[in-house]
Amino acid sequence: MIKFNIRGENIEVTDSIRSYVEEKISKLEKYFTENQELTAHVNLKVYAEKTSKVEVTIPAKNITLRAEDTSQELYGSVDLVQEKLERQIRKYKTKVQKKRNHIATGKVFDTFVELAPEEEIEEANIEIVRTKNIDLKPMDAEEAVLQMDLIDHDFFIFTDGETGATSIVYRREDGNIGLIETNYYTSF
């Protein structure tokens with residue numbers, strides 16, 4: 001059910017590495033309904049200081065799962081990423097099941113199979129402590145980066161002047177700039 005797109009940077013993806021990644025990440029299949037067509041995008045990186053980074057992204061129907069880990073041991077990082085993804089799924093499913101108890105029907109609930117009560121995760125209450133209202137001025141990404149730097153934030157939300165969509169620029173951990181572009185869905 002899960003197809004794999006495995007890429008390596010500064011590392012050759014051997015058959016043993018490929019089979020280990022596929023074996024570990026395939027364990028997540030039990031959480032998805034059978035009609036799901038999923039692709040796991042796996043990036044394996046090895047750095048000069050001999051650390052390994054494993055990134056896995058799985059776009060699903062109503063959620064995108066993503067986890068990463070960096071350590072001295074590639075196989076250990078794969079194990080930790082699989083555990084992180086499993087926790088994300090269980091946390092999301094717990095929320096969905098609680099919401100389902102309040103809402104009779106909805107397409108949001110057809111991505112995952114039901115969780116057994118012992119698999120549900122107790123979650124801390126999320127408290128919003130501050131709300132800000134912003135005006136989304138139409139601009140391009142370069143101007144948004146300048147605005148972000150002017151206000152000394154790590155991100156900046158703006159309306160793309162060409163598309164009219166809401167976008168976000170942000171400063172990545174490596175110091176580079178990232179851009180998030182949004183798409184609107186008309187049905188759920």
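Student: How many of the 8 residues of β3 are buried?

Tutor: This is a predicted model, where local features need pLDDT of at least 70, side-chain atom pairs count only at pLDDT 80 or more, and totals for chains, interfaces and linings use all residues. Residues are numbered from 1 along each chain as its sequence is written, and side-chain values use heavy atoms, with hydrogens and water left out. Strands here are DSSP runs of E with at least two residues, and helices are H or I runs of at least four, numbered from the N terminus; buried means under 20% relative accessible area, exposed over 50%, partly exposed in between (1.4 Å probe, protein chains only). β3 is largely enclosed by the rest of the structure, because its buried count is 6.

Student: Which residue of β3 stands opposite His41?

Tutor: Strands pair if DSSP finds at least two bridges between them, and β2 and β3 pair in the antiparallel sense over 6 bridges. Opposite His41 sits Thr57.

Student: And in β4, what is the bridge partner of Ile58?

Tutor: β3 pairs with β4 (residues 64–71) in the antiparallel sense over 8 bridges, and a hairpin of 4 residues joins them. The partner of Ile58 is Leu65.

Student: Which residue takes a positive phi in the hairpin of β2 and β3?

Tutor: Most residues other than glycine have a negative phi. This hairpin has 5 residues between the strands. The residue with phi near 65 degrees is Lys50.

Student: What is the relative accessible area of Asn10?

Tutor: Asn10 lies in the loop between β1 (2–9) and α1 (15–26), with a positive phi of about 65 degrees. Asn10 is exposed, at 69%.
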